[in-house]
Amino acid sequence: PWKKDSPGAASRNEALRAIGRVGRTIWRKWSGYHRRSRVETKMNCMKLLGQKLMSRDFDRQTAELQTRIAILNRFTALGIPATKPVG
C-alpha cells in the first residue's frame, strides 16, 4: 500500500484491499479494469500508426481515422488463430 499523503493513494489502496478480498479476476470484471486496459492498448496501437492527423478538414480527418481503424481491425483479424476441434 501507498502512504496516505501521496495523491491517489486512497483509491489505489482500496483497490488493493478489494483485490485481496475477492481476487484479481473478479475485481477486474467488477471494476471494468480489463475493458479499460484493452482500450488503452488499442489507443497505443492507434498512436503507432501516427501521432497526428494529416488532414485539416473534419470530414477528411474522419475518413483518416476510419482508415486507421480498418487497418487495425485487419491486423487483429490476421492475428486471431482459427481454433478447430481435434478428434
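**Exercise 1.** Determine which residues form a nonpolar patch on the surface, and state where I71 lies.

Step 1. The patch consists of L49, I71, F75 and L78, which together have about 380 Å² of accessible area. Patches are made of residues with over 30% relative accessible area and no salt bridge, joined within 9 Å for like charges and within 5 Å for nonpolar side chains (Val, Leu, Ile, Met, Phe, Trp, Tyr). Accessible areas come from the Shrake-Rupley method with a 1.4 Å probe, and for residues only the protein chains shown count as cover.

Step 2. I71 belongs to helix 4 (residues 58-79), and its relative accessible area of 35% makes I71 partly exposed. In these terms, buried means under 20% relative accessible area, exposed means over 50%, and partly exposed lies in between (1.4 Å probe, protein chains only).

Note on the model: this is a predicted model, in which local features need pLDDT of at least 70 and side-chain atom pairs count only at pLDDT 80 or more, while totals for chains, interfaces and linings use all residues. Residues are numbered from 1 along each chain as its sequence is written, and side-chain values use heavy atoms, with hydrogens and water left out.

**Exercise 2.** Describe the order of the elements and the overall extent of the chain.

Step 1. The chain has 4 helices and 0 strands, in the order α-α-α-α from the N terminus on. Helices (H or I, at least four residues) and strands (E, at least two) are DSSP runs, numbered from the N terminus.

Step 2. The radius of gyration is 20 Å, well over the 12 Å that the globule rule gives for 87 residues, so the chain is more spread out than a compact globule. This radius is taken over C-alpha atoms, and the rule is 2.2 Å times the number of residues to the power 0.38.

Step 3. The C-alpha trace spans about 55 × 45 × 20 Å along its principal axes. Of the 87 residues, 11% count as buried.

Step 4. The domain assignment, whose bounds come from an automatic or database source, gives domain 1 (1-31) and domain 2 (39-79). Their C-alpha centres lie 33 Å apart.

**Exercise 3.** Identify the partners of E14 in salt bridges.

Step 1. A salt bridge is a side-chain nitrogen of Lys or Arg within 4 Å of a carboxyl oxygen of Asp or Glu. By this rule there are 3 salt bridges.

Step 2. E14 pairs with R17, with the closest N and O atoms 3.2 Å apart. E14 also pairs with R21, where the corresponding distance is 3.4 Å.

Step 3. E14 and R17 are 3 residues apart in helix 1 (residues 9-22), and so are separated by about one helical turn. E14 is partly exposed at 37% relative accessibility, R17 is partly exposed at 46%, and R21 is exposed at 59%.

**Exercise 4.** Are E64 and R68 buried or exposed, and which residue of helix 3 has its C-alpha separated from that of R68 by 9.8 Å?

Step 1. Both E64 and R68 are buried. Their side chains meet in a salt bridge (3.0 Å, N to O), and the two residues lie 4 residues apart in helix 4, about one turn of the helix.

Step 2. C45 is placed in helix 3 (residues 33-48) and is partly exposed, with a relative accessible area of 26%.
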